[in-house]
Amino acid sequence: MMRIGFAGALALILAGCGSEPATDIGDPGAAQAAATGVAAVLKSEAAGRPFPDDMPDFVEPMPGGSYMTGMRGSNSLRSTGMDMYQAQGSAAEAIAFHTEALAKAGFAPQVGAAQKVRDTMETQIAGKHPDGRTLDIIVIENSPTDTMVQMRYTIPAAQ
């Protein structure tokens, strides 16, 4: 009798996920279809929700954006968070807005080259502040008129 540990079982399960190959008629396969469904649920559930009150002041969304989801965490070393929203504007407008907002807040923004990730183009903006805070932003261009933004921040604990 062969025994499979938890990691082995998980690997087998994951190997089966999305194993249906995409076809030339546009079938995205199970994994991509599931991811698309999750994104659609997030968009519909979040429609009209306000941005959280506990977002740090240096985490600034574009005006007119629609909040999608977020999370917070902390330990003795740092506080962290992530917020995601649907931007009102193109990816280029979101990149320009966030680069300028980071600079105004005293961060040193570094804009990476756009990279293709599955069916989207993503641009990362890394921001570091002299006091140790970080704000990394990913601008996701689904289409010329559909842009999402993910903002991940870290705030070091007071020493």
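Tutor: Strands β5 and β6 form a hairpin, with five residues between them. Gly 132 lies in that turn and has a positive phi of about 100°. Strands here are DSSP runs of E, at least two residues long, and helices are runs of H or I, at least four long, numbered from the N terminus. This is a predicted model, in which local features need pLDDT of at least 70 and side-chain atom pairs count only at pLDDT 80 or more, while totals for chains, interfaces and linings use all residues. Residues are numbered from 1 along each chain as its sequence is written, and side-chain values use heavy atoms, leaving out hydrogens and water.

Now the pairing. β5 covers residues 120–128, and it pairs with β6 in the antiparallel sense over eight bridges. Two strands pair if DSSP finds at least two bridges between them. Lys 128 has Thr 134 of β6 as its bridge partner.

β6 also pairs with β7, residues 146–156. These two strands run antiparallel and share nine bridges. Here Ile 138 is bridged to Gln 150 in β7. The hairpin from β6 to β7 passes through two residues.

How covered is β6? It spans residues 134–143, and seven of its 10 residues are buried. Buried means under 20% relative accessible area, exposed means over 50%, and partly exposed lies in between (1.4 Å probe, protein chains only). Across the chain of 159 residues, 29% are buried.

Arg 118 is found in the loop between β4 (115–117) and β5. Its phi is near 55°, a positive value in a residue other than glycine. Arg 118 is exposed, with a relative accessible area of 70%.

Another arginine, Arg 133, has its charged end over the ring of Phe 58, 4.7 Å from the ring centre. A charge sits over a ring if NZ of Lys or CZ of Arg is within 6 Å of the ring centre and within 35 degrees of the ring normal.

The chain has three helices and seven strands. From the N terminus on, the order is α-α-β-β-α-β-β-β-β-β. Among contacts (heavy atoms within 4.5 Å) between residues at least 6 apart in sequence, 45% join residues at least 24 apart.
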